[in-house]
Amino acid sequence: MEDHKIENIELKYLTVDDFEELKSATLESYGGVLDSFWKKDHIARLTTIFPKGQVVIKIDGKLAGCALSLVVDYDLIDDEHTYADIIKGDSFKNHDPDGDVLYGIDVFIKPEYRGLRLGRRLYDYRKEICENLNLKGIVFGGRMPNYHKHKEFTPKEYIEKVKRKEIHDPVLNFQISNDFHPVRVLKGYLEGDTASNEYAVLMEWDNIYYTKKSKKASTIKTVVRLGLIQWQMRTYNSLEELMQQVEYFVDSVAAYRSDFALFPEFFNAPLMAKYNHLHEPDAIRELAKYTKVIVEKMQQLSISYNINIITGSMPELIEDKLFNVGYLCRRDGSLERYEKIHVTPDEAKVWGMQRGNKLQTFETDAGKIGILICYDSEFPELSRLLADEGMDILFVPFLTDTQNGYSRVRLCAQARAIENECYVAIAGSVGNLPNVNNMDIQYAQSAVFTPCDFSFPSNGIKAEATTNTEMILVADVDLSLLRELHSFGAVKNLKDRRKDFYNVVRIDNSK
């Protein structure tokens, strides 16, 4: 092809009119090794039952490559099947328009056109079919044309050596580079394939956009709007005044059709001013008496304003022990509780705050979320456990008094977004409380962080508030980009973990 300038490349549906050229290209591509080619009635049948699955690439009007496929119900296909089992004696009876998997039955590029990445175009087209038809993925029996040169190895050993680049196999190497992975070895797959010793590798590509068909209407969103409240600490004369400000912010972010409203850690601390004459441990225990009422009111606000509210955190007394807790108020009226696992030295020393033991992800109508209160975000093991449960968004309500403390939360939150391939939203308080001991100054810049990859901001910052200014921050995050990142990212932090070498496990203390 070096001496011929290509003027036109087309991907077209195969037709019966292409038969003679297809026959010639097939024999030339396989070099007569398999001594077979598709008959004209085969092509007529395939282009009738599944026209979109049969495509050719033409260069300057000449057929350069071809890809043929069927849709099958994969549950009906035996694990140890052969090529003849799939095409059913050339009748193609396995084709099922209501099936769930695209099965590739042939793909080739003529020798003179190889090296132009035309095979990638055919594979990309198949992937596009899967996504458009909402199929689980693509499977096919991949030949091992160089296996006859290495018969001293078992098929499994051969595949492993190909994956480690110790042996070159043009077919397997190409398929693996196109995101296909080996599932199992099929013995006696294609009669007459002596180069592969009649072995094949069942290769699979998973469609990350596949959604299970359901009779129920789906309410799970892919684009989620986050509403972060950067709360100003100020004096409130009563709980009613504080709740008026809470409702104002809920109303504000709900007016922008946000799916979540995130409040900061200890946003209700101004109510402690009334008890400033008491010792700090006694004052915060008085504050804890408001928690139940505040949660009930915020639960009602979540329903009234049709928004999921993350209440930040508040002190709560359980059997006379003080905990730092928060609640997820879903807009369907349900309620979930979370706890701060790691308390800061100051919380323990000044208030006598106890460490929590509750960690979980939460299902919502806008994805699966995790919530870590402030200091907890600085311990990567917690978010990793949540990521293993499928967390899409990590919410971090925080309270920091200095820029140093804020930087710890911010930088750790950004790291959590990268290592767990998720979004992280942080919200804190600003201003000061001169009449509340141990809560006198605040420093915050609320923000939404993303992984650092091509589909996301290069610096990993989706949005950020103005430093030390009361405001709301509204940002959209696309959950489908996370699915794509998990499989096609420049790096794959979750998939590439060496679980054979290390792991993060949760200790069961319930017994």
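User: Which residues on the other side of helix 9 are exposed?

Analyst: K292 and S304 are the exposed ones on that side of helix 9. Exposed means over 50% relative accessible area, buried under 20%, and partly exposed in between, with a 1.4 Å probe and protein chains only. This is a predicted model, in which local features need pLDDT of at least 70 and side-chain atom pairs count only at pLDDT 80 or more, while totals for chains, interfaces and linings use all residues. Residues are numbered from 1 along each chain as its sequence is written, and side-chain values use heavy atoms, with hydrogens and water left out.

User: What makes residues 291-304 a helix, and how does the span of helix 9 compare with the one expected?

Analyst: Helices are DSSP runs of H or I with at least four residues, strands are runs of E with at least two, and both are numbered from the N terminus. Helix 9 has 14 residues. The expected span is 1.5 Å times one less than the number of residues. From first C-alpha to last, helix 9 reaches 20 Å, close to the expected 20 Å. Just after helix 9, N306 has a positive phi of about 50 degrees.

User: Why are the buried residues of helix 9 said to line one face?

Analyst: The buried residues are T291, I294, V295, M298, Q299, L301 and S302. Viewed down the axis of helix 9, they fall within an arc of 160 degrees, so they line one face. That arc is taken from the directions from the helix axis to the C-beta atoms. Among the elements covering these residues are helix 7, helix 8 (280-288), strand 12 and strand 13, where contact means heavy atoms within 4.5 Å.

User: How do you know that D193 and R143 form a salt bridge?

Analyst: The rule asks for a side-chain nitrogen of Lys or Arg within 4 Å of a carboxyl oxygen of Asp or Glu. The closest N and O atoms of D193 and R143 are 2.9 Å apart, and the pair is a salt bridge. D193 lies in the loop between strand 6 (181-187) and strand 7 (199-206), and R143 in the loop between strand 5 (137-142) and helix 5 (155-163), so the pair ties together parts 50 residues apart in sequence. D193, at 1% relative accessible area, is buried. By this rule the model has 27 salt bridges.

User: What makes D259 and R331 a salt bridge, and are they buried or exposed?

Analyst: Their closest N and O atoms are 2.8 Å apart, which meets the rule. The pair links distant parts of the chain, 72 residues apart. D259 has 2% relative accessibility and counts as buried, and R331 is buried at 15%.

User: Why is E464 called partly exposed?

Analyst: E464 has a relative accessibility of 37%, so it counts as partly exposed. Its salt-bridge partner is R410, with the closest N and O atoms 2.9 Å apart. E464 lies in strand 21 (residues 461-464) and R410 in helix 12 (residues 403-420), so parts 54 residues apart in sequence are tied together. R410 is buried at 13%.

User: Why is the pair of F398 and Y406 called tilted?

Analyst: Rings of Phe, Tyr and Trp (its six-membered ring) pair if their centres lie within 6.5 Å; planes under 30 degrees apart are stacked, over 60 edge-to-face, and the rest tilted. For F398 and Y406 the centres are 5.7 Å apart and the planes are at 45 degrees, so the pair is tilted. Both residues are buried. By this rule there are 20 aromatic pairs. F263 and F267 form a tilted one, at 5.4 Å centre to centre and 40 degrees between the planes. Those two also belong to one aromatic cluster with W231, Y236, Y248 and F249.

User: What makes a nonpolar core, and which residues have the most contacts inside the largest one?

Analyst: A nonpolar core is a set of buried Ala, Val, Leu, Ile, Met, Phe, Trp, Tyr and Cys residues joined through side-chain atoms within 4.5 Å. The largest has 51 residues, and L226, I393 and F395 have the most contacts inside it. Strand 17 (residues 423-427) gives the largest share, 5 residues. A second, separate core of 45 residues includes W231, V250, A269 and I294.

User: How do you know that S69 is buried?

Analyst: S69 has 0% relative accessibility and therefore counts as buried. S69 lies in strand 3 (residues 62-72). Leaving out residues up to four places away in sequence, S69 touches F50, G53, Q54, L102, Y103, G104, I105 and R126. S69 and G104 are 35 residues apart in sequence and 4.3 Å apart in space, C-alpha to C-alpha.
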